[in-house]
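Please look over the sequence and the model shown below before reading on. The paragraphs that follow lead through a few places in the structure, one after another.

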Amino acid sequence: ALVALLLVVMGLSPALARAQAPGLEITGSQASYAFPESLDFEVRVSGGSGLREVILFFGRVESPLVRRVYPAYSPSDELIVRYTEELEPGQYAPGTEFRFWWEFTLADGSTQATREQTFEYTDPRFRWEVAAGERVDLYHYGDARLADRLLAAAEEAIARLEDDTGMPVERRVRVYSYASARDMSLVLASRSTAYDDRVLTLGVAVDDHTLILLGAHRDAEMIVAHELSHIVVGIATANPFAGLPRWLDEGLAMYAEGHDLPDANRRALEAAIRRDALLSLRSMTSYSGQASQVDLYYGQAHSIVRYMLDEHGRDKMRELLSVFSEGSRQDDALLRVYGWDLAGLEDRWRESLGLEPRPRGVPTAAPQGLGVA
């Protein structure tokens, strides 16, 4: 893997430090990163022989939460304190902005801190260009005509999703389009070696406004719509208590693609219906992590959401998303909006497929695939 070390924040003049304590002078503060392996922080202090404690605070600019770490150091008149945060591939999205500052406690118990500094963590391996739309910034390093098509697909998908969910997208969305799976691999989180070997990830929403995309794939325009659904639905249901059930999130994303089911998902779903080997809806509340179930999982999620929309309409789905935004659990939310819980939904959906209600407590399994996240 190509790893680039970038110095992103350099130097801190005394004017940038808060209220210098007598005898203590902060002469420099900087941050760098080795993509995608680490974040590295360093501060230089004169007159630090009487220090009792040094604390580094850092976190994403858009989040109120920060990490607090206590780097090891040996007090001395000329002191350099360093800290390295080891990263996993995909832990942070390209374009993530970080903030950080240092706090020092002196021998007499008094404290002082540097002012907050910021830097951007991004993928330095490519010469990125930006295609800017009304609400989407598409970063790419390849075919400009392809980038324009993907941008148009993204803008169209956002408009359609806003109409479907009733939730406006009020901040710009970033899409990073990669030219190959190998290029994209360093920005993706690994689920497991077995899963990654069998499933090609085509796209993933890595935070509430950033999408990573395999732009060279023939289905890239469809994948853009799928992943933007995760972002728009995430905005519509954001709350500090509970997340959206995965079957609903993925089903809405599959539906947002605006096309019939891909062949692999359709075949897996049809085979499972013939054998009455569908996954239980409750087991789909989270990912199974089994590569052999990917095609069925997505095909089944699409089928459930399509049933809900066809039988009960968009207004009910908007109401359901609104209830989920309050932090409701899935059984409570379904009862409140539709009048039946998860088991009731599953029974009605299975009936629409010509199947009997599921005998409670019966395990299920099924076939193989490739997919999006």
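The lining of the largest cavity, sorted by class, consists of 8 nonpolar, 2 polar and 2 charged residues. This is a predicted model, and the cavity in question has a computed volume of about 110 Å³. The residues that line the largest cavity are Leu161, Asp164, Thr165, Ser229, Val233, Leu252, Tyr255, Ala256, Leu309, Arg314, Met317 and Leu321. Two or more of these lining residues come from each of the helices H1, H4 (220–237), H5 and H7, and it is H7 that gives the most, with 4 residues. In the whole model, the count of cavities of 30 Å³ or more comes to 2.

Helix H4 can also be followed to an open space, the second largest pocket, where H4 gives the most to the lining, with 5 residues. This second largest pocket has a volume of about 420 Å³, and of the 16 residues that line it, Asp207, Asp208, His230, Ile231 and Gly234 lie nearest its centre. Strand E13 (203–207), H4 and H5 are the elements that give two or more residues to this lining, which by class has 8 nonpolar, 4 polar and 4 charged residues.

The secondary structure of the protein chain comes to 9 helices and 14 strands, and of its 373 residues, 51% are buried.

Where do the buried nonpolar residues gather? In soluble globular proteins, nonpolar side chains tend to be buried together. In this model the largest nonpolar core has 62 residues, and Leu39, Phe41, Trp102, Phe104 and Leu228 are those with the most contacts inside it. Helix H1 (residues 144–165) supplies the largest share of this core, 8 residues. There is also a second, separate core of 38 residues, which includes Trp247, Leu269, Leu278 and Val305.

Valine 81 lies in strand E6 (residues 78–86), and valine 81 counts as buried because its relative accessibility is 0%, where buried means under 20%. Leaving aside neighbours within four places in sequence, valine 81 is in contact with Phe41, Glu42, Val43, Val54, Pro71, Ala72, Tyr73 and Trp102. From valine 81 to serine 29 the separation is 52 residues in sequence, and 9.6 Å in space, C-alpha to C-alpha.

Next comes helix H9 (residues 342–352), whose buried residues are Leu342, Gly344, Leu345, Glu346, Trp349 and Arg350. What covers these buried residues includes helix H5 (246–256), helix H7 (294–324) and helix H8 (330–338). At the start of H9, a side-chain oxygen of aspartate 341 reaches to within 3.2 Å of the backbone nitrogen of alanine 343, while just after H9 glycine 354 takes a positive phi of about 85°.

Which residue's side chain is joined to that of tryptophan 349 by a polar contact of 2.9 Å? The partner is serine 303, which is found in helix H7 and is buried, with a relative accessible area of 12%. Apart from neighbours within four places in sequence, serine 303 is in contact with Leu269, Trp349 and Leu353.

Two details of the backbone remain. Most residues other than glycine have a negative phi, and most peptide bonds are trans. Phenylalanine 35 and proline 36, however, are joined by a cis peptide bond, with omega at about -5°, and proline 36 has its place in the loop between strand E2 (25–34) and strand E3 (38–46). Aspartate 276, although not a glycine, has a positive phi of about 50°. This aspartate 276 lies in the loop between helix H6 (263–274) and H7, and aspartate 276 is partly exposed, with a relative accessible area of 41%.

How values were computed
Residues are numbered from 1 along each chain as its sequence is written. This is a predicted model: local features need pLDDT of at least 70, side-chain atom pairs count only at pLDDT 80 or more; totals for chains, interfaces and linings use all residues. Side-chain values use heavy atoms; hydrogens and water are left out. Buried means under 20% relative accessible area, exposed over 50%, partly exposed in between (1.4 Å probe, protein chains only). Contact means heavy atoms within 4.5 Å. A polar contact is a pair of N or O atoms within 3.5 Å; within protein, one must be able to donate a hydrogen and the other to accept it, and residues adjacent in sequence count only if both atoms are side-chain atoms. A nonpolar core is a set of buried Ala, Val, Leu, Ile, Met, Phe, Trp, Tyr and Cys residues joined through side-chain atoms within 4.5 Å. On a 1 Å grid over the protein atoms alone, a cavity is a set of points where a 1.4 Å probe fits but cannot get out, and a pocket is an open set with protein on both sides within 12 Å along at least five of seven lines; lining residues have an atom within 4 Å of a point. Grid points are joined across faces, edges and corners, and a volume is the space filled by probe spheres set on the points. Ala, Val, Leu, Ile, Met, Phe, Trp, Tyr, Cys and Pro count as nonpolar, Asp, Glu, Lys and Arg as charged, and the others, Gly among them, as polar.
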